Amino acid sequence: MEKVYLDNAATTPLNEEVIDAMVSVLRDNYGNPSSTHSFGQEAKTLLEEVRRKIAKALRVTPGEIVFTSCGTESNNMIIKSCVNYLGVQRIITSPLEHKCVAETCLEMKKLHGVELVYLRPDNKANLSLEKLEVLLQNSEKKTLVTLMHANNEVGNLLDLQKVAELCKKYDALFHSDTVQTMAHLDLDFSKIPVDFASCSAHKFHGPKGSGFAFVRKASGLKGIITGGPQERSLRAGTENVCGIVGLGKAWELSIDNMSTYSSYIKDIKNYCKSEIEKNFPEAKFNGESATENSLYTVLNILLPFNNPLIGLQLDMQGVAISQGSACSSGAARPSMVLMSILDEEELENCTPLRVSFSHYTTKADIDKFISALKEVSRDYIIEKQNTEHR
């Protein structure tokens, strides 16, 4: 069976050039980058080349890039360190955040008594910056605002510039989970005064197990993994040289081809949207995923019938897709994101599907998806046709 992969928001396939770069390191650069001999220093040089490459694209200094294993680790490090070392007593966040942010914030409330305040979205998953400003005005507690740049389920984009400026105005720290937008959108942190951000290589055709945190210089952040001076003592442990080189190659390819990739993927997304509208005219699109104010790699569909097994059924048809975040897969209940923006009737009677694209996705893949979706939705389509002919 020819298979189709439409779950790129969960992870992306490795680019062949990334694989080649990683194999070369595994074979030839096995030194520990903390060692002073030539083997170690060769490995260290590879790490620093990647660090400089990332810093140049983000318009920051290399010392502000801290290599980690993934976005989850980066987000944990940032939020926990802000509470433990920077005196944060209050966190403003939203129900739209990834579980690694949501659960870490809850843990800080439980363990340290941090006040946790939620900025509630509207039914299109948009957050009000006016309400955020009111929240920032109404407390003298040291505050951390943690809001993601692009939602991993419905693709809504946050105005990082405006949020960062609001946080500066009221002396709050600002952390953004930028896992879905790093190497997909042009981010200039010399102009956007965000304090902290996160990245996972596997979201842009790099390896799993490799990522980084952006930590603004002089922020005072301290590491939560201790035991060595690696990564400016912010993340102890021998660096994953192979993974970091893979991250660097994937980053380079994505940054260099950003305009070409984004234009192509937008075309694929629009084609998918039009095919859904043509074949399922009663379907809706969640959040802003079908508009310009969304990440171009994500489209979230609300099908007009209830079928909790649709993901499995599509997989049996050869189409890999998600009904929400990969970190929530297997859950019986809808995700917190969808529960925050859908009403009770929609949650009970409709079926969400997240389709996410890459530059490897083709229109033939979308045709296969639509065909499979029609097949697994046959009972609904027949019932609808019968109702129309009565």
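Modeller: A salt bridge here is a side-chain nitrogen of Lys or Arg within 4 Å of a carboxyl oxygen of Asp or Glu. This is a predicted model, in which local features need pLDDT of at least 70 and side-chain atom pairs 80 or more, while totals use all residues. Residues are numbered from 1 along each chain, and side-chain values use heavy atoms, without hydrogens or water.

Colleague: How many salt bridges in the whole structure?

Modeller: The search finds 21 of them.

Colleague: Which residue does Glu-48 pair with?

Modeller: Glu-48 forms a salt bridge with Lys-44, where the closest N and O atoms are 3.4 Å apart. Both residues lie in helix α2 (residues 38–58), 4 residues apart, or about one turn of the helix; helices are DSSP runs of H or I with at least four residues, strands are E runs of at least two, and both are numbered from the N terminus. Lys-44 and Glu-48 also belong to a salt-bridge network with Arg-51 and Glu-231.

Colleague: And Lys-53, what does its side chain meet?

Modeller: The side chain of Lys-53 meets that of Glu-252 in a salt bridge, 3.0 Å from N to O. Because Lys-53 lies in helix α2 and Glu-252 in helix α7 (residues 241–256), the pair ties together parts that are 199 residues apart in sequence.

Colleague: Is Lys-53 buried, exposed or partly exposed?

Modeller: Lys-53 is partly exposed at 30% relative accessibility, and Glu-252 is partly exposed at 26%; buried means under 20%, exposed over 50% and partly exposed in between, with a 1.4 Å probe and protein chains only.
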